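I am opening a notebook on a structure I have not looked at before. My entries follow the order in which I looked things up.

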Amino acid sequence: MALLESLTDPEVLAAVNDAANRLDDKDSVALAQAASAGIARLEAVRFRALAQLNRHREGVRSVAQEVALALSVTDNHAGAMVAAADALTTRPPRTLHLMDEGKLAGFSAMKVASATVWLSDEDARAVDALLEGRIAKKNPDQVRKAANHAANTIDPDGAGKRAEQHREGRRLTMRHGETGVASLEVEDGPVEKVAAAYQRIDREARALRGAGETRTLDQLRADVALDLLLGGQGGVSERSEVFLYMDLFTYLGLNDDPAELAGHGTIPAALARHIASGENSVLRRIVTDPLSGQVLDLGRDRYRPTAGLAEFVRVRDRECRRPGCHRPAQACDLDHAVPWQHGGHTADTELVDLCRRDHRLKDEPGWTYHLSSDGTLTITTPTGQRHDSTPPPLHEPRPTNDEPPPC
């Protein structure tokens, strides 16, 4: 470990950074290339470490969650890293060697692992041999295309089976972007259905173009797609529950403190007021402790009544309580921090929201959960690392004599 730390010694890097400020264009490009090669070599080290961890744990599901916590990455990315690490250290050795030489980035190497995942070990090594002289210093998209082509060349009879397996992996994902925006994607959908869906969206979007329309065609396509999903065109309109947290003074326009949309994060006050004033919005009362900003009580006037305690915990937690997981609380399981069969109680002081995957994680060997009196959930991983999660306050703590700002 000391040797590895010396490779990223802060004093050495500080000297390099200082020198970088005095380089000409040619040397600046050369330094960037050298840094990228060094990063690739370190990524190869990381893949080997993750593969070793996975072997020690015999590939249990919770390895990805522990890696996500330890490296501060999303669960999906952690799972992809672990799968790639396991593949790259056992099946395509030449690809990993290219990383050791600084000629292939880790993200590009993951494309090779993904393209060969359905192949036998023998065929994967054959693909690896074909790619050795073709993918060095290529970008990820070039590597992906070359790897898929090589896989189809080595195993043409399996191409149909691989396509079927890919289609079985179809899923809908949501990715949060910058403030106030997010992306919805159907991943690995059947190509004929995706193409047909796009053509319908494009056709309806083009039909809306006319006199007085100020939206671009891209904006129209996005609006039409969302309208179709929400039943706004040709379907029954539906209401979906989304939690928006905003200070009363912000809602009244007396200040511009940011609000929070569960699962997304903070949004500007003006956008929050726009959402809250929408025709499908349902206003409700949430009482907070002015000293801490934490939820004390909920108003009961709402569109669809639910069990009081479950609702309280979901509003308090906002999201899955495992650090790094941002699934909204209303899509999570309500779980006892101390299992019911081990003496847990059904009370707000012992209940937390966990998504289905993190709910199951509690049953994995070596994982322990502890909920303290102040609401802090401490998760201890099998390697002994501790990760804390506390519901954020709905507003900044205030003195008891807080007055609304002047109009």
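Entry 1, the whole chain. I count a residue as buried when its relative accessible area is under 20%. By that cut-off, 32% of the 407 residues of the protein chain are buried. I note here that this is a predicted model. I looked up the secondary structure and found 16 helices and 12 strands in the protein chain. I then looked up contacts with a separation of 6 or more, and 51% of them in the protein chain join residues 24 or more positions apart.

I checked the span of H3, which has 32 residues. From the first C-alpha to the last, H3 reaches 47 Å, close to the 46 Å expected at 1.5 Å a residue. Which residues of H3 are buried? I listed Ala37, Ala40, Glu43, Ala44, Phe47, Leu50, Ala51 and Asn54. The buried residues of H3 pack against H4, helix H5 (75-88), helix H6 (93-100) and H7.

I went on to H7 (residues 106-115) and its pairing with helix H9 (residues 140-154). Two packed helices are described by the angle between their axes and the distance between the axes. Here the axes come within 9 Å and cross at roughly 20 degrees. Angles under 35 degrees count as roughly parallel, and H7 and H9 are therefore roughly parallel to each other. The crossing of H7 past H9 is right-handed. On the H7 side, I found Phe107, Ser108, Lys111, Val112 and Ala115 making the contact. On the H9 side, I found Pro140, Val143, Arg144, Ala147, Asn148 and Ala151. Sorted by class, the contact of H7 with H9 has 7 nonpolar, 2 polar and 2 charged residues.

Most residues other than glycine have a negative phi. I looked up Glu58, which is not a glycine and has a positive phi of about 60 degrees. I placed Glu58 in the loop between helix H3 (25-56) and helix H4 (62-71). Arg318 is not a glycine either, and its phi is positive at about 70 degrees. I placed Arg318 in the loop between helix H15 (308-317) and strand E8 (333-336).

Is Glu58 buried or exposed? Glu58 is exposed, with a relative accessible area of 72%. Arg318, at 2% relative accessibility, counts as buried.

Conventions
Residues numbered from 1 in each chain as written. Predicted model: local features only at pLDDT ≥ 70, side-chain atom pairs only at ≥ 80, totals over all residues. Heavy atoms only, no water. Axes fitted to C-alpha atoms, helices over the stretch in contact; angles between N-to-C directions. Helix = DSSP H or I, 4+ residues; strand = E, 2+ residues; numbered from the N terminus. Parallel < 35°, antiparallel > 145°, perpendicular 65-115°, else oblique. Left-handed = near helix turned anticlockwise from the far one by under 90°. Contact = heavy atoms within 4.5 Å. Nonpolar A, V, L, I, M, F, W, Y, C, P; charged D, E, K, R; others polar. Buried < 20%, exposed > 50% of the residue type's maximum accessible area, 1.4 Å probe, protein only. Expected span 1.5 Å × (residues − 1).
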